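User: Please take a close look at one part of this predicted model, the packing of its helices. I would also like to know what surrounds that part.

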Amino acid sequence: MSLSQLNAISPIDGRYRNKVNELAPYFSEEALIKYRVLVEIEYFIALCNIPLPQLKGIDSNIFENLRNIYKNFSSEDALAIKEIESVTNHDVKAVEYFIKEKFDKLSLTKYKEFIHFGLTSQDINNTAIPLSIKEAVHDIYTPEYLNVLNKLKVLSQDWSAVSMLARTHGQPASPTRLGKELNVFVVRLEQQFNLLKTIPHAAKFGGATGNFNAHHVAFPNIDWKAFGNTFVQDTLGLQHSFPTTQIEHYDHMAALFDNLKRINTILIDLNRDIWTYVSMDYFKQKIKAGEVGSSAMPHKVNPIDFENSEGNLGIANAIFEHLSAKLPVSRLQRDLTDSTVLRNVGVPFGHTLIGFKSTVKGLGKLLLNESKFADDLDNNWAVVAEAIQTILRREAYPNPYEALKGLTRTNEKINQDSISNFIDTLDISNIIKEELKRITPSNYTGI
């Protein structure tokens with residue numbers, strides 16, 4: 001049975017595949033194999049550049065041919081490696097054998113035992129996976145994040161002058177502005193993304209138990225730690241973790257996943273707020289011809305994009321949470337639990353991408369219902385009581401809070417007339433009375 005939208009088990013490989021296709025070159029099985037090949041090839045070239053005595057005879061002009069093994073890596077190459085793995089029952093060893101076959105074709109047979117020289121499979125996995133994550137974050141995640149951020153920035157500016165009744169504990173509160181409320185999310189997202197950019201993509205590279213044992217016993221006069229630093233940091237562009245056990249300790253990767261989770265959480269908060277504003281009729285939604293909002297109620301235009309985003313970001317966070325909690329914990333020098341969960345790294349990125357795209361789509365469908373904003377403000381004149389009592393405090397008026405409490409904390413309707421009449425009863429100058437009467441729910445919005 002060939003994989004299709006109809007028989008895929010995971011929705012990100014089925015229903016939502018067209019939304020996450022761009023992640024395949026980073027997180028698919030084929031992608032992981034390609035990144036392993038890349039690391040193995042670059043490691044061999046790095047050994048040549050030391051140079052190891054046994055590799056001095058290699059002409060550096062051959063390096064580009066070696067790099068073409070991963071630069072021109074194809075699905076057929078990946079299938080060939082999987083065929084080898086069916087015999088070896090070891091994924092990284094299959095990569096090594098594949099490259100050895102390539103060496104034979106390049107007349108490099110006598111050098112092929114220096115492929116994977118002194119390494120354990122985790123030296124390859126713990127460089128390949130962080131490299132794929134780093135490049136996916138740069139190439140795919142960041143542009144999608146910026147789409148969300150920039151959309152919010154535009155709306156925040158467009159709606160900067162729209163006065164809005166705030167609600168704390170679900171009750172009418174001091175007015176605010178719609179643009180400012182969206183800007184809260186802009187700033188939160190920017191702060192977390194700035195933190196994200198400081199987290200290094202770290203990689204382990206040091207042999208079977210992290211000590212370069214095999215390297216050192218074979219070539220004791222080479223500074224293998226310095227070699228590892230140069231290879232990981234300069235060649236691969238990652239941060240070299242040292243010392244380690246057989247595996248990367250994943251502390252930085254855990255920090256990355258926790259940071260991605262916080263960004264998702266901020267967007268979940270945004271989705272819920274916008275959903276609520278839609279339910280309050282603050283927003284209408286653009287209608288697309290042919291779309292059905294409800295199978296039973298023809299009038300409905302549901303805020304499904306924000307619901308879809310919230311659900312997908314929630315699933316992403318659950319997996320990010322497990323990864324960040326599990327990966328830094330390993331029995332003694334290693335167990336295999338990190339390997340099996342790391343194969344799922346692309347899943348939370350996939351759900352995150354779906355969430356981002358749904359939020360952007362939903363924001364793009366919002367239509368401002370300005371009359372509803374104005375009506376809510378006009379029906380809640382009690383919110384200017386805070387302003388009045390604060391100015392009265394400034395003027396040393398006796399017990400201003402209690403005076404306003406007596407006016408507003410009743411079940412009677414407070415409107416512009418009742419506020420104005422109350423101001424007229426105050427023992428203050430006419431200038432102060434005029435100042436107080438200029439305050440309305442629409443202009444009492446702070447800075």
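Analyst: In this predicted model, helices α12 and α14 are roughly antiparallel to each other. The reason lies in the angle: α12 (residues 304-326) and α14 (residues 346-364) pack at about 155°, and angles over 145 degrees count as roughly antiparallel. The axes of α12 and α14 are 8 Å apart. As for the sense of the crossing, α12 passes α14 in a left-handed way. Sorted by class, the residues in the contact of α12 with α14 are 13 nonpolar, nine polar and two charged.

Helix α14 also packs against α11. Here the angle is about 30° and the axes are 11 Å apart. That angle makes α11 roughly parallel to α14, because angles under 35 degrees count as roughly parallel. The crossing of α11 and α14 is left-handed. On the α11 side, the residues that meet α14 are F257, L260, I263, N264, L267, L270, N271 and I274. On the α14 side, they are F349, T352, F356, T359 and L363. By class, this contact of α11 with α14 has nine nonpolar residues, four polar ones and no charged ones.

N147 sits in helix α7 (residues 121-158). The C-alpha atom of N147 is separated by 7.2 Å from that of V360, although the two residues are 213 residues apart along the chain. N147 has a relative accessible area of 41%, so it is partly exposed; the partly exposed class lies between the 20% limit for buried and the 50% limit for exposed.

The loop between β4 (239-241) and α11 (251-279) holds Q246. With a relative accessible area of 18%, Q246 is buried, because buried means under 20%. Leaving aside residues up to four places away in sequence, Q246 touches T120, Q122, N126, K204, A208, T209, Q333 and R334. The loop between β4 and α11 also contains P243. A cis peptide bond joins F242 to P243, with omega at about 0°.

Another cis peptide bond lies elsewhere in the chain, joining I50 and P51 with an omega of about -5°. P51 is in the loop between α3 (29-49) and α4 (63-71).

The relative accessible area of S107 is 64%, so S107 is exposed. The other is H169, with a positive phi of about 60°. H169 belongs to the loop between β1 (163-168) and β2 (171-177). H169 counts as exposed because its relative accessibility is 80% and the limit for exposed is over 50%.

A8 is buried, with a relative accessible area of 17%. Apart from residues up to four places away in sequence, A8 touches L3, D13 and G14.

Last comes the chain as a whole. The protein chain has 19 helices and six strands. Its radius of gyration is 31 Å, well over the 22 Å that the globule rule gives for 447 residues, so the chain is more spread out than a compact globule. Along its principal axes, the C-alpha trace spans about 100 × 55 × 40 Å. Of the 447 residues, 48% count as buried. Among contacts between residues at least 6 apart in sequence, 77% join residues at least 24 apart.

To return to the part you asked about, α14 is roughly antiparallel to α12 and roughly parallel to α11.

Definitions and conventions:
Residues are numbered from 1 along each chain as its sequence is written. This is a predicted model: local features need pLDDT of at least 70, side-chain atom pairs count only at pLDDT 80 or more; totals for chains, interfaces and linings use all residues. Side-chain values use heavy atoms; hydrogens and water are left out. Axes are lines fitted to C-alpha atoms, for helices over the stretch in contact, and angles run from 0 to 180 degrees between N-to-C directions. Helices (H or I, at least four residues) and strands (E, at least two) are DSSP runs, numbered from the N terminus. Angles under 35 degrees count as roughly parallel, over 145 as roughly antiparallel, 65 to 115 as roughly perpendicular and the rest as oblique. A crossing is left-handed if the near helix is turned anticlockwise from the far one by less than a right angle, and right-handed if clockwise. Ala, Val, Leu, Ile, Met, Phe, Trp, Tyr, Cys and Pro count as nonpolar, Asp, Glu, Lys and Arg as charged, and the others, Gly among them, as polar. The radius of gyration is taken over C-alpha atoms; the globule rule is 2.2 Å times the number of residues to the power 0.38. Buried means under 20% relative accessible area, exposed over 50%, partly exposed in between (1.4 Å probe, protein chains only). Contact means heavy atoms within 4.5 Å.
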